[in-house]
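Open your viewer and keep the selection panel handy. We will go from one stop to the next, with something to select at each.

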Amino acid sequence: MASHPKTEITRWLLDTRTLWSGTKIQDAARDHLALLPPAEQNPILSKYRFPDACMSLGSALLKRAFLAKATGLPWSSIAFSRRLDPRLGKPCWASPPGAPPNDEWPHIDFNVSHQKGLVVLVGAVGRGAPVPDVSVDLTSPNERNDMASIAGSDVPTFLAVFSDVFSEQELFALAWSLPPQGSVRLLDGEEVSNVILGRLDRTVKCGQALSVMFDGRQVKFESELLVEEKVRNFYAAFALKEAYVKLAGEGLAARWIQEIEFTGVRAPRKGAVPRCSLAGVFGETIGNKDEEVSITFKGEEVRDVLFELQSFEEDYIIASMIKPLEQDQEFPDWHRISLDRDIMPLATKWS
Ligand SMILES: CC(C)(COP(=O)(O)OP(=O)(O)OC[C@H]1O[C@@H](n2cnc3c(N)ncnc32)[C@H](O)[C@@H]1OP(=O)(O)O)[C@@H](O)C(=O)NCCC(=O)NCCS
C-alpha cells in the first residue's frame, strides 16, 4: 500500500443524555439550535421523540464542528453534500468552489451514528493526500427489549427477522455457537469461558436451568445469561456489517449485504456503569490484530479493512471502520466532546 502519512483520524463521542432537558428541543436547546442554518434545523424539529431530536441536534453540531476544525473555515461556511445519492447517500463535505490560496482543500471523509442518547463521529483528514473511507455504527443491545421477545420464542426465531442482512451461515453461527474467546458472566460476576461451556453453546431458549463443571465445582445458572450473550454477539455483528456498508455510502440498501460475511464475532466485554467517576466506561476492544473475526466477500477473504469493536458502558457497542491507504493505520482513542469546550469556540469564533 502507498504511504499517506498525512491522514489524521478522529473519533469523537458526544453524550446527549444529560445535555438538554425538557420535552421540546426548540425550548430546551434554543441557543444550540440557532447555531444551525434553517435547513439543518428542520429535520431536528421534526423528530417526534425528544431524545431523537437531541441526538439529531448533537449529530448536526458534531459534523459541523469536525468540518470547521478540519478546514479552518468559518462555522457558517460549512456546506454538506451526499455521496452516491443526493437524498440517501453518505453525508460529505461540499468544499467551496475554487481552491484556497497557495494550497488545496484537505481531503475529508467522516461518518456518524447515534443510538440511545449517544452520538459518535469518525473522521479522516488528508492534507495533500487522499483519505480513506471511514465509518462508524453504534448499537445498543438492551434498547429494544429483545430478551422479552426471545423469552416467548428462541434465538433462531429472533434472528430470522434479519435474514435480509445476514447470510444463512452467519445467522446459524450467531444462533447456535459461542466464539471461543468469549465468556458468559454469571450473576455473582464470575466469568465462565465459552470453551468451558462447550456444547451448552447450543442453548437457544430462555427459562432453562444450565449447569457446568467450573473450577472443580458444579455451577448452575439460568440460560438467560447465555442467550443474552448471543444477543450481544448479534448486535456486535450488526454493528460491523452496518459499518461496512456505510464505508462507501450504500447503507443497508447494498444489494451485496449478505455477501459480506463476518465470522467469529463476539461482543467485547462490557464497560463499567458511570458512577462517581467515568473510569472504565470504555470496555474491551476487539480488532483485526486479535485475529478473532474473519471477513469474507463472496467467499474471498477481505484484508483491506481495519475495524474495531468497542463496548461503552454496559449498553453500547461501537464498530469503527477504515479502508486504510497507509500501512500501520490505527484508531486513536475516543475523545469525549464537550459542547462548551470543543464546539462553542468553533461555532462562535467568527461571529
Ligand atoms: C445509512 C443507514 C445505514 C443508517 O443507519 P441507522 O442505523 O438508521 O443510523 P445510524 O445512527 O447508524 O447512522 C445515521 C447516520 O448515518 C449517516 N448516513 C446517512 N446515510 C448514509 C449512507 N448512505 N452511508 C453512510 N452513512 C450514512 C448520516 O450521517 C446519519 O446521521 P445524520 O442523519 O444525523 O447525519 C441507513 O439509514 C440506511 O441504510 N439508509 C439507506 C441508504 C440508502 O438507501 N442508500 C442508497 C443510496 S446510495
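How do the residues of the lining of the largest pocket divide into nonpolar, polar and charged? The lining holds 15 nonpolar, 12 polar and 12 charged residues. Here Ala, Val, Leu, Ile, Met, Phe, Trp, Tyr, Cys and Pro count as nonpolar, Asp, Glu, Lys and Arg as charged, and the others, Gly among them, as polar.

Before you click further, note that this is a predicted model, in which local features need pLDDT of at least 70, side-chain atom pairs count only at pLDDT 80 or more, and totals for chains, interfaces and linings use all residues. Residues are numbered from 1 along each chain as its sequence is written, and side-chain values use heavy atoms, with hydrogens and water left out.

**Stop 1: the largest pocket**

This pocket holds about 1200 Å³ of space. Select Arg82, Pro91, Val112, His114 and Lys246, which are the closest to its centre of the 39 residues that line it. Then colour α3 (38-45), α4 (50-71), β2 (80-83), β3 (90-93), β4 (107-115), β6 (134-139) and α9 (223-248): these are the elements that give two or more residues to the lining. Helices (H or I, at least four residues) and strands (E, at least two) are DSSP runs, numbered from the N terminus.

A pocket is an open set of points, on a 1 Å grid over the protein atoms alone, where a 1.4 Å probe fits, with protein on both sides within 12 Å along at least five of seven lines; lining residues have an atom within 4 Å of a point. Its volume is the space filled by probe spheres set on the points, which are joined across faces, edges and corners.

**Stop 2: the second largest pocket**

Next, select Arg185, Glu191, Glu229, Arg232 and Lys270, which lie nearest the centre of the second largest pocket among its 18 lining residues. The space here is about 370 Å³. α9 gives the most to this lining, with 4 residues. By class, the lining has 5 nonpolar, 4 polar and 9 charged residues.

**Stop 3: the ligand**

Now show the ligand with Ser59, Lys63, Glu242, Gly249 and Leu252, the nearest of the 21 residues around it (those with a heavy atom within 4 Å).

- A polar side-chain atom of Lys63 is 2.5 Å from a ligand oxygen atom.
- A backbone N or O atom of Glu250 sits 3.0 Å from a ligand nitrogen atom.
- A polar backbone atom of Lys90 lies 3.4 Å from a ligand nitrogen atom.

Conventions. Polar contact = N/O pair within 3.5 Å; in protein donor to acceptor, adjacent residues only side chain to side chain.
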